[in-house]
Structures are given as C-alpha cells and as structure tokens.
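Please open the model in your viewer and keep the selection tool at hand.

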Number of protein chains: 2
Amino acid sequence: MTRQPPVSGTTECQLANLLEAGLLIPSGVPGVYGLSGTFESVVEHFEAYLTRVSAQFGAEVMRFPPLLSRRTYRLTDHLDMFPNLMGSVHTFLGTGAEAAELTRKNQAGEDWSADLAPTDVMLTPAACYPLYPTATGVLPGEGRTVDLRAFVFRHEPSSDPARMQIFRQREFVRLGTPLQALAHRDGWLDRGRALLCAVGLDPQPVVANDPFFGDGHRLMAATQREQTLKYELVATTSSAEKPTAIASCNCHLDHFGRAFDIRTTDGELAHSACIGFGLERITLALFAAHGFRPSAWPASVRGVLEL
Amino acid sequence: MTRQPPVSGTTECQLANLLEAGLLIPSGVPGVYGLSGTFESVVEHFEAYLTRVSAQFGAEVMRFPPLLSRRTYRLTDHLDMFPNLMGSVHTFLGTGAEAAELTRKNQAGEDWSADLAPTDVMLTPAACYPLYPTATGVLPGEGRTVDLRAFVFRHEPSSDPARMQIFRQREFVRLGTPLQALAHRDGWLDRGRALLCAVGLDPQPVVANDPFFGDGHRLMAATQREQTLKYELVATTSSAEKPTAIASCNCHLDHFGRAFDIRTTDGELAHSACIGFGLERITLALFAAHGFRPSAWPASVRGVLEL
C-alpha cells in the first residue's frame, strides 16, 4: 500500500514542499522547525524593511527573551483565557540521589516530568506581555510607542506550516490615552496593509477574535468582534481558500493598564494597542506568492526588501 | 538604616550600573532581562562582524528556535550531566471544568503547576543540540560546517549580569573525522581570540570543564580537563579578578556521533567540535572595556563593528 501524496493546495502539501526544498528543517515535533539560511535571510530582510518604515515614529526599542516572569504571567488573565496554549518551564531541584533516580527513569523510558518543579518563568505568549510590568506608573503626556520583537510560544501542534508552536512577532505597541491607542491601531492597520502590499502580498483586513478556551468565553469572543477590537491581515500561506493571519492589529482598551497599574497623566488607566507582524508567516506568504527562490522574486519586491 | 550600595568591581555593582543605565531591563527574575535598543544594536553589529569573518568558510546556515524535541533531549545525556540546568515545557491538556479549577487556584494564589502535563519540547540547552538529529546518517567526505544561532536556557538564577538564564549563542560546528573536528576547534580557538582582540578585548584561553551536576561526575570533569577537550576564552565582564567565559571551544569526540548515529564515509562514528560565542556576554565585555556609550568607543573598535 503506497501512502497518498498530500493534495495540492493543502497545508500538508505546502509543508511537504517546504521540507523538500529544505526551507524548513524537521525537529520531530509538529510546528517546531529549524529554518534554512534562505528562510532566515527573508525574515531578516523583512525585519530590516519594517525598521526602515517605522523609523519615522521614533519608537523605543526593547528586546525581551522568550521567557516571561511567572509572577507577571499570573497577573494577566492568560491562564483563564488560553490555558491550553501556555508553556510553563519546569526544572530539577533535587538531590544527587534524586538525580540518579531521574536518570534511571529516563533510561527505562519512564516519564520523569512529575519529578520536576516549576521555575520562576513561563514561555512568552505574546511579544508585548513582558513590556507591561516595566511600564507600571504614570506615562509621559505623549504616551509611549515601543518596538518589540520576541519568540512567542503557543502549544498548538499542527501540520500547517503557518501554525508554528514557536515563532517571532515584531510588534509596535502604543501606551497612552484611549484616543492615542485607537489612532495607533487604525494607523498601523492601514500602514501594515500598505507595506505588505509593497512586497507583493494582498492582505485583507478581517474582524477577528482571540481563540479563547472553552465554552465559557463565547460571549467574550462575540463582544471582541462586536467592538471590532481585533483586526487581522490575512493572506495565502498554503491555500487561497483558507488564508492565514500574517499580522494582527489589536486594541486592548485598559486591559493591561488595569493589570499592571499603568496610568496617563490625568490619573486614568492607560489604554494600549499593538500591531504584531508574524515574521515566519509573512515569510511563508512571500514564498507562496513568489516561489521558493528569493533570487527569482519580482524585481520590485527584491528592491523593497533590499534582497 | 540605609542599604549599602554594592561594592565597586563586583557583579552586583555592575548589574546595578547596567540597570541604572537602562541597558538591561529587569523582568523580576534574576538572570532574565530585557535589552535596550543600544544593547541589542551591539549584539547585532557583533553578529554581523562574525558573519563577515566566517564568510570564507562557507558554513551552512541553520537557525533553530529555543525549543528542542523532548525525544532528542532524552537521547542526549544532558539529563544525567546537568539535570539542574534543564527547562522542561509543560502545558494544560485538561477539560473546561479542570480549566476552571486552574483559574480558581491561580486567583487563590495556589500552585497549579502540578496540574500541567509535559509537552513534546524542552528549552534548548546549547545551540548545537537541535542540529545532531538532523545529521543522522553518512556525512559527505569533506564533513559539514554549520553556522547556528539560538537562544539557550540554563536554570541558574544569579545576580551576575553575565550569568543569564536565557541568552544567545552563535556557534560554528564541525561534523567529520577526528582530525577535521580537532582542526576546527583549534583553528577557531586562535581565530576567535584574534577577532575578539580586534574589538579591544583581551580574551585569555583557559582549559575548562563543563559544570557537571553532583559528585558522581568529578572524574568526568577531571578527564575533560586532562584531555583538554574544552577551552574557554575569558574576559572581564564585571571584575578583572573573576573573568567570565565569553566564548567556548569544544571537542565532543564521538559523543554526538554515537548518540545520533552520525558517520563518516569510512563508516566510523563522526566526531564533532564547535566554537560558541556568548553574544550577551561579549556585549557585556565590550561595555566593561569601552564604557556604556558605543558612540564613544575607540574608533578602531567602531570601525571593526561598523558601528
């Protein structure tokens, strides 16, 4: 019995093609891949392009590692909203004798994970989470605009190459008054769409909601959509029928201002908003639109990306 | 009672200075920091310099995320050697009712970590680990040279800014015959020292051993030193009396070849060797040597780094 090849235009087929071309390198875990030099080079050039486009805004650059303080995590409602996506980091805190037992279990193929203890850190669920606890207090009158990039983790193993468990987000976050936050979100929705169009993508803005866990949050998803708090820019990464969000523009209202006591000069809780660019997804969309060889991409796209 | 300021020249003092200057941003967890735009810019320029210096070797570029397959981890002896440094990623796999209980515990300040289940991934302990399972089989006759960069995790909370729990390694790894591996290690020991001297550091090569856990591995540490398998390039990051390893040059013999069945064309187990540059530590050494303002660094250093 021969195994059927994946159907053309599906996520499985696109994954097979990307692995075959060597652009993705399998790790043995669905949604966790190594990236080839070619793939990484596109990520780097797209990032540099974002840096050039955003230079006019003079955003403060901050770079956080892929870990978030567990205490910070507990102050958010991520555990309530998305417990199934979390990554909690555990380690071994025992004695030499207990370590020997760990080794024995490992060699016998037994599970040793219950012998571990939680550390003070979690994997970062979104690039902007580590920012908020550093902003506790009163913002300057003009608010703040911050340029972030981080690896983020979401436990959702998938055969869709665009649904990685760990990937990089480049985010521009605004902290300020409700009007400052909304203007940032709306300005970047247009700007984000235009800068993605300039590299030959045709991203469509769609109203979206976060993937809340369980039935208890249905109302929340409906409210988020009704208030149009979240827009995604969607484009083809595998299938034209099922486009993928490659950027996300969000208004958080005073959600993080309240959790971390961030205030504007008038004493009100700060609002926040962000645009997040999914760097691996944008790269996958570029490969889907222009082919797997960047040297053969349209001259206009190569020009914009300085490839 | 006033708190004593940290003593000049100590790691605590240097950490206070780096935080005060805004180069490091506290996360609330020792050894986990955000980096300012200035800090990150030095990392990026040093990386670009490494890329220029190494271009002559035509190494294959591969980029892995900070996660390693748990199955791969179990095939190494990291659990036996360094269980105390590991990072195991756990998540929530339960039902809606169990999620509600998780939320209740979180709000009551109770520990919910025991309600989690291990995922298929660990945090990567060293940049080269994800490479080896992709190399299973027979190497080309000339062996392989691979250019890696990754975030790596080591659970060792510390007030020394150079001892981060999560940091980036840029590695050049050689897979091949014993002679190819040794020549790579020795060549890069000289080359690494020269390229660090060119940016005004004076790194000294010292024979070293890995920080094996417990008493059971004392002989292993002694053997590693006796066979001079590991050299570190040490430089000042806080205290001239206690220099810090900023790069590490290692011969692994057939350690990984055996674990992942990597062979040379003659059917023998492959040897491997690597040089790893600690990007945050090198940046800290540059700040210690030249001050906190890269714009005021010596012209020769700025020239080499194209700052």
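**Stop 1: the interface**

Chain A and chain B bury about 4900 Å² between them, and carbon and sulfur atoms give 68% of that area; buried area is the accessible area (1.4 Å probe) that two parts lose on being put together, summed over both. The size of an interface is often given as the accessible area lost when the parts come together.

This is a predicted model, in which local features need pLDDT of at least 70 and side-chain atom pairs count only at pLDDT 80 or more, while totals for chains, interfaces and linings use all residues. Residues are numbered from 1 along each chain as its sequence is written, chains are lettered from A and ligands numbered from 1 in the order in which they are written, and side-chain values use heavy atoms, with hydrogens and water left out.

Now select every residue in contact across the two chains (heavy atoms within 4.5 Å). The selection takes 64 residues from chain A and 64 residues from chain B.

**Stop 2: polar and charged pairs**

Between chain A and chain B there are four salt bridges, a salt bridge being a side-chain nitrogen of Lys or Arg within 4 Å of a carboxyl oxygen of Asp or Glu. Show the side chains of A:E40 and B:R149, which meet in a salt bridge at 3.8 Å, N to O. On the chain A side, the residues that touch chain B divide into 32 nonpolar, 21 polar and 11 charged. In this division Ala, Val, Leu, Ile, Met, Phe, Trp, Tyr, Cys and Pro count as nonpolar, Asp, Glu, Lys and Arg as charged, and the others, Gly among them, as polar.

Over all chains, the whole structure has 36 salt bridges. One to select is A:E47 with A:R149, whose closest N and O atoms are 2.7 Å apart. A:E47 lies in helix 2 (residues 37–54) of chain A and A:R149 in strand 8 (residues 144–153) of chain A, so the pair ties together parts that are 102 residues apart in sequence. Helices (H or I, at least four residues) and strands (E, at least two) are DSSP runs, numbered from the N terminus.

**Stop 3**

Switch to cartoon view. Nine strands form an open sheet in the order 1(A)-2(A)-3(B)-8(B)-9(B)-14(B)-12(B)-11(B)-10(B), with mixed pairing; two strands pair if DSSP finds at least two bridges between them. Strand 1 (24–29) of chain A and strand 10 (204–207) of chain B stand at the edges, each with a single partner strand, so one side of each is left without a neighbour in the sheet.

Strand 1 and strand 2 of chain A run antiparallel and are joined by four bridges, with A:P26 and A:Y33 as bridge partners. The two strands form a hairpin with two residues between them, and A:G31 in the turn has a positive phi of about 85°.

Where does the sheet pass from chain A to chain B? Strand 2 (residues 32–36) of chain A runs antiparallel to strand 3 (residues 60–63) of chain B, and two bridges join them.

Next, select helix 2 (residues 37–54) of chain B, which lies across strand 8 (144–153), strand 9 and strand 14 of chain B and runs at about 10° to strand 9. Axes are lines fitted to C-alpha atoms, for helices over the stretch in contact, and angles run from 0 to 180 degrees between N-to-C directions.

**Stop 4**

Six strands form an open antiparallel sheet in the order 4(A)-6(A)-5(A)-5(B)-6(B)-4(B). At its edges are strand 4 (67–69) of chain A and strand 4 (67–69) of chain B, each pairing on one side only. Finish at strand 5 (residues 88–91) of chain A and strand 5 (residues 88–91) of chain B, which pair in the antiparallel sense over three bridges. Here A:V89 stands opposite B:V89.
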